[in-house]
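Please look over the sequence and the structure below before reading the report, and keep both at hand while you follow the text.

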Amino acid sequence: MAIGFGYFAELGIIQSLQISAIIFGARPSYLHSSSFLFEAWRLFIDGFYVLDSALAKTFIVRVQHDAKPSIFPTHRHWYESSLRSLSAVAGTDETSLDSGNTSRIIHTYDTVFHGFSAKLSPLEAKKLETVSGVVAVIPEQIRQLQTTRSPEFLGLKTSDSAGLLKESDFGSDFVIGVIDTGIWPERQSFNDRDLGPVPAKWKGECVAGKDFLASSCNRKLIGARYFTGGYEATNGKMNETMEYRSPRDSDGHGTHTASIAAGRYVFPASTLGYARGIAAGMAPKARLAAYKVCWNAGCYDSDILAAFDAAVADGVDVISLSVGGVVVPYYLDAIAIGAFGASDAGVFVSASGGNGGPGGLTVTNVAPWVTTVGAGTIDRDFPADIKLGNGKTIAGVSVYGGPGLAPDHLYPLIYAGNEGGDGYSSSLCLEGSLNPDSVKDKIVLCDRGINSRAAKGEVVKKAGGVGMILANGVFDGEGLVADCHILPATAVGASAGDEIRKYITEASKTQSPPSATIIFKGTRLNVRPAPVVASFSARGPNPESPEILKPDVIAPGLNILAAWPDRVGPSGLPSDQRRTEFNILSGTSMACPHVSGLAALLKAAHPQWSPAAIRSALMTTASSLDNQGKTMLDESTGNSSTVMDFGAGHVHPQKAIDPGLIYDITSYDYVDFLCNSNYSAKNVQLITRKNSDCSGAKKAGHVGNLNYPSLSVVFQQYGKRKMSTHFIRTVTNVGDRNSTYKVTVRPPRGGGEGGKVTVAVEPKKLVFRRVGQKLSFLVRVQALAVKLAAGSSSTKSGSIVWSDGKHIVTSPLVVTMQQPL
């Protein structure tokens, strides 16, 4: 439709232009001439498109792969042509969006996803959605990183004559793709001694770049790529004095996670003298491929999707992704889309659940085709206690490795929040907030938050302080993370922080001013209880699909020793000139590669298992108990943790190799799940690349009938006294040929008074005659209403356990009652 002058007159634009023209000296008689109006209109349109171009950002475009007109020799030619015609229609100056590139396309995708990414103005993105063959246009998200003794803690010992390491040949010939910040290939964790040739199936390459030769790869690190297109489309050309345009790691995170998954045995290993011993990854002989997508400004969706595409085409068996962001519907989530394509190709994908704990609804990477990993502790810690002037000793943790404080000398102690002009900034020890006159030669108590924990120590050191105590806030609770501080420092929980502040306040009014010292006690082993759910580990329920319990499992993620780059200090601070081959870090970022490595071992032991089968084996054999035989504790509160904290439980690799039964899932089962989640056929196609009218999905029942190893239902009360539902599950026998499994139901409990839940399973016995045989069972759940305030909920958890006397196959059962607003 043509837009005439009247349209602009209605908007008041002509009047505004007339006023502007008078201001700039135009004659009144000229203001009503057609030539003026046309010129004014043209100026407005030009200005509109300049504004629209200025708002350009990266979009990921999903196309129907078979819709390419035959006139174009390749899909890329088709995409280029579409963008050129789009610019002509939208009136965009193509060079204004180009930044000097010959092509506006950032990446093309053809393995896990069909389409491309490009920088588009909002108008172009809208227009592109109407182009024939385009399924969807998705705005890019920016993701962030979710930032030894763990193999032994998990029961993986090299001396075992049988078990997972032995049966999998330590993961040899299976490839783990790590999507992260790159890798430092020279580290001993990545040596290729005694490894056989690169697997024949491998199609990947070692891409050379700044300070990274093609020969940097070997028979251990068999592939390395980097993806800058999305990052530079948003931020402009990278500063190559600050980071490497290559797969080389300038951050440390990627090197650390890669060695957790598949690092070789290295002895001796330690960080600044802490955690001395043998360092090893989960799958020491598995091959590694590094896909660098994370840069100083973050990790960009268009690059992450390109890494998924390349990894699957290269031939990886497992993808490890310790990156996360905001939870959005799966059809807007590039990680969920890329992971589906990988899963569809038989590649196991594990992802970190996020570090947003201990609050609820914080878990990320929640798609059911992704194995979502939370973090727990291991039986090792690094005590660094505070001795106060009043004689009290308060427990803390640290991996500070420099000259210590004199244990027999007490130093003046102050609370930073009492010292600065701006109490809030100084309490957090933010840059420039501390007064050197107040801080010099003192130990400073800083509150946790805003800037990094190590950066607070740097602020104290710059101001002349001799030490730091880092206190958790109320939200952090009692969870402690040991850091490689650059001055004598230790971390304490929220209650200890309150106690120290109280001591400072009271002692300041007496003749004995507040004082303290920090006593570093090195490494302590055989800690009990362990594991404990880490305070930072993100928690359920699942924000996008509450019927799918997330996280799936937890794995070691607190104070984990692993490889570290040569040019990055262990604190990660630019000023830190210390160098170490290994570093101790915490996060679900560290937990995720534990599961990635275990998946490679399981895949090596059972090459025919699907990604869902591997996850099922890890989930149904996981444990909710600690090394004292009690329910795992929640580090943030000291109370018992729940399924919303740990999912199916803490991974137990030696049991996972022989789970007895598995819950398998096909790609078409996921299609039914999306249909029953009320996703449109178009959005289902966008995620899965499969056409579905969703009519068949309704036969599968409801969204909770996805054949998942955990069972979760949400009842909306709406004044009803009694509610009920059912689940259908199918298990595959992977244990003994002739076996009979009997069911034990542990009805859901907890979540306050009332609301009795009854559970019935039919049949109560499953009789298998052969390996690979599938049998189904029905679970009926009935719940009585519970008294709740509007908008609140109550959760109860139990389990369904199948056993043949040899195998124990456990599925969590979660019932949530919600009172609508």
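This report on a predicted model turns to a helix, then to aromatic rings, and lastly to charges placed over rings.

## A buried helix

Helix α16 covers residues 588–605, which makes 18 residues, and from its first C-alpha to its last it reaches 26 Å, close to the 26 Å expected at 1.5 Å a residue. Because 17 of the 18 residues of α16 are buried, this helix is largely enclosed by the rest of the structure.

## Aromatic pairs

The structure holds 17 aromatic pairs.

Since F340 lies in helix α11 (residues 334–344) and Y670 in helix α20 (residues 667–676), the pair ties together parts that are 330 residues apart in sequence. F340 is buried, with a relative accessible area of 1%, and Y670 is buried, with 2%. Both residues belong to one aromatic cluster, which is formed by Y330, Y331, F340, W369, Y670 and Y679.

## Charges over rings

The charged end of R248 sits over the ring of W184, at 4.4 Å from the centre of that ring. K690, in turn, lies over the face of Y668, and here the distance to the ring centre is 5.1 Å.

How values were computed:
Residues are numbered from 1 along each chain as its sequence is written. This is a predicted model: local features need pLDDT of at least 70, side-chain atom pairs count only at pLDDT 80 or more; totals for chains, interfaces and linings use all residues. Side-chain values use heavy atoms; hydrogens and water are left out. Helices (H or I, at least four residues) and strands (E, at least two) are DSSP runs, numbered from the N terminus. The expected span of a helix is 1.5 Å times one less than its number of residues. Buried means under 20% relative accessible area, exposed over 50%, partly exposed in between (1.4 Å probe, protein chains only). Rings of Phe, Tyr and Trp (its six-membered ring) pair if their centres lie within 6.5 Å; planes under 30 degrees apart count as stacked, over 60 as edge-to-face and the rest as tilted. A charge sits over a ring if NZ of Lys or CZ of Arg is within 6 Å of the ring centre and within 35 degrees of the ring normal.
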